[in-house]
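Here is a short walk through one structure. Keep the sequence and the 3D view side by side as you read.

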Amino acid sequence: SILNIRSMQTIGIVIRKWEKDTNGKYKNVSKKNLNQQIHTLHKKLKKEDVIYTEFSIEKDKHSNKYHSHLIIHHNNKEESIQRNLSKFIGGEEWKDRNDGLEVYRECNGKYGLVHTQPIQNIDLYRNYINKYGELKTLI
């Protein structure tokens with residue numbers, strides 16, 4: 001199928017991933033590892049829909065940990081995306097979380113945390129996730 005970005009819907013996503021170290025303690029994954037995992041997630045999502053992913057990986061302000069911001073362009077497959085995100089972090093239960101005027105869908109899992117949000121203004125959201133100039137695109 002053809003990628004027609006103008007007719008696609010968007011969803012904003014933040015992902016934090018962790019893994020167990022050799023001592024059985026949880027630790028955040030490296031930037032390189034997170035990048036590889038985002039590519040893998042994109043491939044899995046593409047099996048169910050024609051999607052287009054924009055993402056950046058950034059360092060937390062006060063620690064040496066990383067998280068990723070994504071914009072997923074999709075064809076009305078939000079349930080499929082949510083199911084794949086649940087698998088991706090080893091979680092099941094999604095909850096709504098209110099933060100001021102924003103409402104997020106959030107899932108905590110064995111391997112991470114994910115929250116999704118509707119994107120009201122794609123240009124503002126894209127500028128926000130590209131604030132360090134590291135935005136990448138997967139087609």
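A residue is called buried when its relative accessible area is under 20%. Keep that cut-off in mind, and note that this model is predicted.

Start with helix 2, residues 78-89. Which residues of helix 2 are buried? They are S80, I81, N84, L85, S86, F88 and I89. These buried residues pack against strand 1, helix 1 and strand 4. They also pack against strand 5 (91-99), strand 6 (102-109) and strand 7 (112-117). The length of helix 2 can be checked too. It has 12 residues, so at 1.5 Å a residue it should span 16 Å. The C-alpha atoms at its ends are 17 Å apart, which agrees. Just after helix 2 comes G90, with a positive phi of about 70 degrees.

Now turn to the largest nonpolar core. It holds 22 residues. I13, I15, I72, L85 and V114 touch the most other members. Helix 2 gives two or more residues to this core, as do strand 1 (9-20), helix 1 (31-46), strand 3 and strand 4 (66-74). Take I15 as an example. Leaving out residues up to four places away in sequence, I15 touches I38, L41, H67, S68, L70, L85, F88, L113 and V114.

Finish at E58, in strand 3 (residues 52-59). Is E58 buried or exposed? Its relative accessibility is 8%, so E58 counts as buried. The side chain of E58 makes a polar contact with the side chain of K131, at 3.2 Å. Leaving out residues up to four places away in sequence, E58 touches K65, Y66, H67, H69, K131 and Y132.

Definitions and conventions. Residues are numbered from 1 along each chain as its sequence is written. This is a predicted model: local features need pLDDT of at least 70, side-chain atom pairs count only at pLDDT 80 or more; totals for chains, interfaces and linings use all residues. Side-chain values use heavy atoms; hydrogens and water are left out. Helices (H or I, at least four residues) and strands (E, at least two) are DSSP runs, numbered from the N terminus. Buried means under 20% relative accessible area, exposed over 50%, partly exposed in between (1.4 Å probe, protein chains only). A polar contact is a pair of N or O atoms within 3.5 Å; within protein, one must be able to donate a hydrogen and the other to accept it, and residues adjacent in sequence count only if both atoms are side-chain atoms. Contact means heavy atoms within 4.5 Å. A nonpolar core is a set of buried Ala, Val, Leu, Ile, Met, Phe, Trp, Tyr and Cys residues joined through side-chain atoms within 4.5 Å. The expected span of a helix is 1.5 Å times one less than its number of residues.
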